[in-house]
Structures are given as structure tokens and as C-alpha cells.
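Here's a quick tour of a protein model, from the overall build down to one helix pair. Have a look at the structure first, then read on.

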Amino acid sequence: GENSQLWISWVEHYLEMYHVEPRSGWVWLLTIARIQLVAGSSLLKNYLNTLSGLNFCKAVHDRFGRDQHELLLRQLFHIRQTSTVAEYVERFSGLVDQLTAYDSPPDALCFTTRFVDGLKDDIKSVIAVQRPSSLDTACSFALLQDEMADQTKKRDYLRPDSGFWTRQSPK
């Protein structure tokens, strides 16, 4: 895939969840076989004999994810809301999910601040003054603010602005 570190992290969590020993050969054998089918890498064939989880993870990362962490960080620093808040939340959450495979525990304040900074100015100012305590809270506030702004725009659009519709006061 595009992010080998995230993939390795998922495998490790899966093994921990089911209390599978990291030295259990069949799990690593299946994993290596899957990567070879997808990537066709002969480099990883060397690890079929050792079945060492640590060596395997290092080989996967070296082969498929050398610069991925740096690329993801660069994307995080430059991400901006260009369409709807919902679409921005989706893109931002995807980046955070991938970055959490590299940094444990992730810096929640950094992610929250970066999310708010990437919002369009009219939404950013409203969310920033609320000082959201988490990324989830910031996302919820932004989605709610976007919804409320849409309702206000619709109401203003339907409001007549000509004198014909307004009642004239007697002189």
C-alpha cells in the first residue's frame, strides 16, 4: 500500500489483540506471502527462513515506506479546506490515521491546531475562539458551524430585499 508503516502497525495490533506470539512463524509467512503477491518483491524472500517479526517489519519499511513519514508530515503542514468541511474532515482524518502509525502517542494538540489552521477563514475564526480540546471536538464544531452558515445563507437568500415586500410605516 501507500503507507507500509500503517500496515505494519495494523498487523502488530491484530497480533496483540489475539495474543499471537510475534515469533509465530505462520503469521509472518502469510504476511510475507501477501506482500510478495502484491508487490512482487524478491527482497522479502530472504526473510522467509528467519521469520523474525522485527527484521520483517524493517525490511517492509525500508522497501516500501522510506520517505512516507516525511511525505505525510509535509501533507499535514499544507492541507487546506478547499471544498466542504465534511470533505476536509475526511482528508485530514485520513492523514492523522496514517501519521499515528509513526508517532505513538500522537500529539493531539498539534493535530487539533493544524486542523483549525487549515479551515477557511470564515469558519476558522469561529472555531479558534472556542479553543477545542481535541481533534474530534474541532471537527464537530467545524461541521456544525458549516451547517449553521448554510442555513443562514438560505434564510438570507429567501428574505426579500425590495420595498415591495416590506410594510411601509405611515408618515
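Two residues are in contact when they have heavy atoms within 4.5 Å of each other. With that in hand, take the contacts between residues at least 6 apart in sequence: 52% of them join residues at least 24 apart. Bear in mind that this is a predicted model.

What are the elements of this protein?

| Property | Value |
|---|---|
| Residues counted as buried | 30% of 171 residues |
| Accessible surface | about 12000 Å² |
| Share of that surface on carbon and sulfur atoms | 55% |

Now for the helix pair. H5 covers residues 68–78 and H6 covers residues 85–99. Their axes come within 10 Å and cross at roughly 150°. Angles over 145 degrees count as roughly antiparallel, and H5 and H6 are therefore roughly antiparallel to each other. As for handedness, H5 and H6 make a left-handed crossing.

Which residues of H5 and H6 meet? On the H5 side you'll find Gln68, His69, Leu72, Leu73, Gln75 and Leu76, and they meet Phe92, Leu95, Gln98 and Leu99 of H6. Sorted by type, the residues in this H5 contact with H6 come out as six nonpolar, four polar and no charged.

Notes:
Residues numbered from 1 in each chain as written. Predicted model: local features only at pLDDT ≥ 70, side-chain atom pairs only at ≥ 80, totals over all residues. Heavy atoms only, no water. Axes fitted to C-alpha atoms, helices over the stretch in contact; angles between N-to-C directions. Helix = DSSP H or I, 4+ residues; strand = E, 2+ residues; numbered from the N terminus. Parallel < 35°, antiparallel > 145°, perpendicular 65-115°, else oblique. Left-handed = near helix turned anticlockwise from the far one by under 90°. Nonpolar A, V, L, I, M, F, W, Y, C, P; charged D, E, K, R; others polar. Buried < 20%, exposed > 50% of the residue type's maximum accessible area, 1.4 Å probe, protein only. Areas by Shrake-Rupley, 256 points an atom, 1.4 Å probe, with all protein chains shown as cover.
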